[in-house]
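This report concerns aromatic ring contacts and their surroundings. The sequence and structure are shown first.

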Amino acid sequence: MAGRVTKQAQLRSALTTLCAKLRPGEMLPSERQLCDDYRVSRMTVREVLGQLESEGVITRIPGKGTFVAERVARSRLHMASFSEDMRRLGRVPSTVVLHTDYAVPPPASITALSLNATEKAFHLVRLRLADGLPISIDDGWYRADLLPGLLDRDLTQSLYSLMADVYDCPVDRADQTVRAVAADERHAGWLGTDAGSPLLAFDRMSYSRDRCVEHAHSWYRADRYQVYMTVSAGDNAQPQHDLSSKPIELHNGRAAHD
């Protein structure tokens with residue numbers, strides 16, 4: 001009959017609603033219980049669970065059961081601050097300042113910021129959270145001549161808003177790469193995960209009116225943060241695919257870490 005909802009669709013809807021009510025880490029009923037409760041076959045249950053697992057809604061642990069997965073912040077690659085991104089996703093952003101300094105940057109940052117070999121810059125390391133859960137670490141260097149007194153400001157808020165509103169240095173472009181890395185002990189400790197856990201590592205240069213004002217590295221927990229993009233056949237700038245031992249780099253103008 002036209003418009004009839006299949007048992008698989010009914011089960012999927014019911015489990016999606018149930019997962020939304022439960023907290024991350026809570027256990028779902030067993031496959032046998034789901035078969036009895038919803039009067040469906042074991043094959044239907046397993047197919048629906050497989051779909052929800054692939055979408056990151058649940059996690060299945062052999063011998064233990066099926067659990068509600070942690071909510072993953074799924075962000076589109078675009079120009080936006082971390083705070084704006086999290087609010088758009090319905091999350092509450094917060095920031096912990098881990099380290100500040102005024103020093104000579106490492107060589108890569110000196111080059112990126114077009115500094116003299118002995119010229120100092122502002123150094124800022126921050127832990128970014130969403131709903132109180134650690135998401136990322138941002139480690140950035142900033143042009144001191146363009147942002148005087150930056151370290152005396154409230155650094156728990158959006159840096160890009162501060163740069164635009166106070167210093168008239170709006171970030172309007174960024175070049176960055178992203179790759180997969182394993183968490184070292186220091187980053188794992190800050191992010192509340194295990195050493196060796198997968199992280200997404202960003203290397204970013206942010207510009208204001210063609211002046212590089214920020215060179216930053218960011219590390220995101222891969223189990224709590226995803227990125228996606230939309231590409232078309234007519235795009236001029238295509239991702240560079242290298243089949244050698246070097247990691248694939250995705251180049252784009254997103255600046256979502258301030």
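Buried means under 20% relative accessible area, exposed over 50%, and partly exposed in between (1.4 Å probe, protein chains only).

## Basis of the model

The model is predicted: local features need pLDDT of at least 70, side-chain atom pairs count only at pLDDT 80 or more, and totals for chains, interfaces and linings use all residues. Residues are numbered from 1 along each chain as its sequence is written, and side-chain values use heavy atoms, with hydrogens and water left out.

## Tyr102 and Phe122

The whole structure contains 3 aromatic pairs. Rings of Phe, Tyr and Trp (its six-membered ring) pair if their centres lie within 6.5 Å; planes under 30 degrees apart count as stacked, over 60 as edge-to-face and the rest as tilted. Tyr102 and Phe122 form a tilted pair, at 5.4 Å centre to centre and 45 degrees between the planes. Because Tyr102 belongs to strand 4 (residues 93-103) and Phe122 to strand 5 (residues 121-130), this pair ties together parts 20 residues apart in sequence. Strands (E, at least two residues) are DSSP runs, numbered from the N terminus.

Tyr102 is partly exposed at 45% relative accessibility, whereas Phe122 is buried at 10%.

Phe202 lies in strand 8 (residues 198-208) and Tyr220 in strand 9 (residues 211-221), so the pair ties together parts that are 18 residues apart in sequence. Phe202 is buried, at 2% relative accessible area, and Tyr220 is buried at 0%. Ring pairs join Phe202, Tyr220 and Tyr225 in a cluster.

Note on methods. Helix = DSSP H or I, 4+ residues; strand = E, 2+ residues; numbered from the N terminus.
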